[in-house]
Amino acid sequence: IKEKKASAITKEVSNTIKLILKFIHENYEKDLSVEEIALKCNFSEYHFMRFFKKHIGMTCIEYINNYRLETASSLLSNTNKSILDISFKVGFNNVSYFNKLFKKKYNITPKEFRKSKRMCK
């Protein structure tokens, strides 16, 4: 009897995580707030932040920024869009903040990243 309850909770948690990630992946280019995402799953902001960190292993903002940076790296590799355009397209409304986070994640600037990808082709 106890096992059934545990798997039901896991299913509920799993569905909630899917809902959250789907929402982020569909809306990452918009100005997303933790409050807005928490409301999607009927959590308080506090409960949502704890839930997300526990199950995903990073904060919601870290996850969103990471997803945006991965999308940006793909755009840098596969398009000729300007770095500014890419920055805005993936949801960063501040290009210097985008550059800072990109460099922190990839250890090179978006410009250097694009240049290195071009050399490989």
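**A charge over a ring**

Begin by selecting Arg68 and Phe92: Arg68 lies over the face of the Phe92 ring, at 5.6 Å from the ring centre. Please bear in mind throughout that the model is a predicted one.

Is Phe92 buried or exposed? With a relative accessible area of 3%, Phe92 is buried, since the cut-off for that class is under 20%.

**The aromatic pairs**

Next, display the rings of the phenylalanine and tyrosine side chains. How many aromatic pairs does the structure hold? The count is 10. In one of them, the ring centres of Phe92 and Phe98 are 5.4 Å apart and the planes meet at 50°, so this pair is classed as tilted. Phe98 is buried, and its relative accessible area is 0%.

Now select Phe102 and Phe113. These two rings form an edge-to-face pair, with 5.3 Å from centre to centre and 80° between the planes. Because Phe102 belongs to helix H6 and Phe113 to helix H7 (residues 110-120), the pair ties together parts that are 11 residues apart in sequence. Both partners can then be checked for burial: Phe102 counts as buried at 0% relative accessibility, and Phe113 is buried with a relative accessible area of 9%.

Which ring does the charged end of Lys105 sit over? It is the ring of Tyr106, whose centre is 5.2 Å away.

**Ser87 and its contacts**

Move to helix H5 (residues 83-89) and select Ser87, which is found there. Ser87 is buried, with a relative accessible area of 0%. Which residues does Ser87 touch, not counting those up to four places away in sequence? They are Phe92, Asn94, Val95 and Phe98. Two residues already visited, Phe92 and Phe98, are thus among the contacts of Ser87, and those two form the tilted ring pair described above.

**Thr71 in helix H4**

Select Thr71 next, which is located in helix H4. At 16% relative accessibility, Thr71 counts as buried. Leaving out residues up to four places away in sequence, Thr71 touches Tyr28 and Val90.

Proceed to Leu101 in helix H6. Leu101 is buried, its relative accessible area being 16%. Apart from neighbours within four places in sequence, Leu101 is in contact with Asn65, Leu69 and Phe92. For a distance check, select Phe88 as well: Leu101 and Phe88 are 13 residues apart in sequence, and their C-alpha atoms are 14 Å apart in space.

Where does the lining of the largest pocket come from? Helix H4 (60-78) and helix H6 (95-106) each supply at least two of its residues. The largest share, 5 residues, comes from H4. Coloured by class, the lining shows 4 nonpolar, 2 polar and 3 charged residues.

**Two loop asparagines with positive phi**

Most residues other than glycine have a negative phi. Select Asn42, in the loop between helix H2 (34-40) and helix H3 (45-56). Although Asn42 is not a glycine, its phi is positive, at about 55°. Asn42 counts as exposed at 71% relative accessibility, because the exposed class begins over 50%.

Finally, select Asn107. Where does Asn107 lie? It is in the loop between H6 and H7. Asn107 likewise is not a glycine and has a positive phi, about 65°. Asn107 is exposed, with a relative accessible area of 62%.

Methods: Residues numbered from 1 in each chain as written. Predicted model: local features only at pLDDT ≥ 70, side-chain atom pairs only at ≥ 80, totals over all residues. Heavy atoms only, no water. Helix = DSSP H or I, 4+ residues; strand = E, 2+ residues; numbered from the N terminus. Nonpolar A, V, L, I, M, F, W, Y, C, P; charged D, E, K, R; others polar. Buried < 20%, exposed > 50% of the residue type's maximum accessible area, 1.4 Å probe, protein only. Contact = heavy atoms within 4.5 Å. Phe/Tyr/Trp six-rings, centres within 6.5 Å; stacked < 30°, edge-to-face > 60°. Lys NZ or Arg CZ within 6 Å of the ring centre and 35° of its normal.
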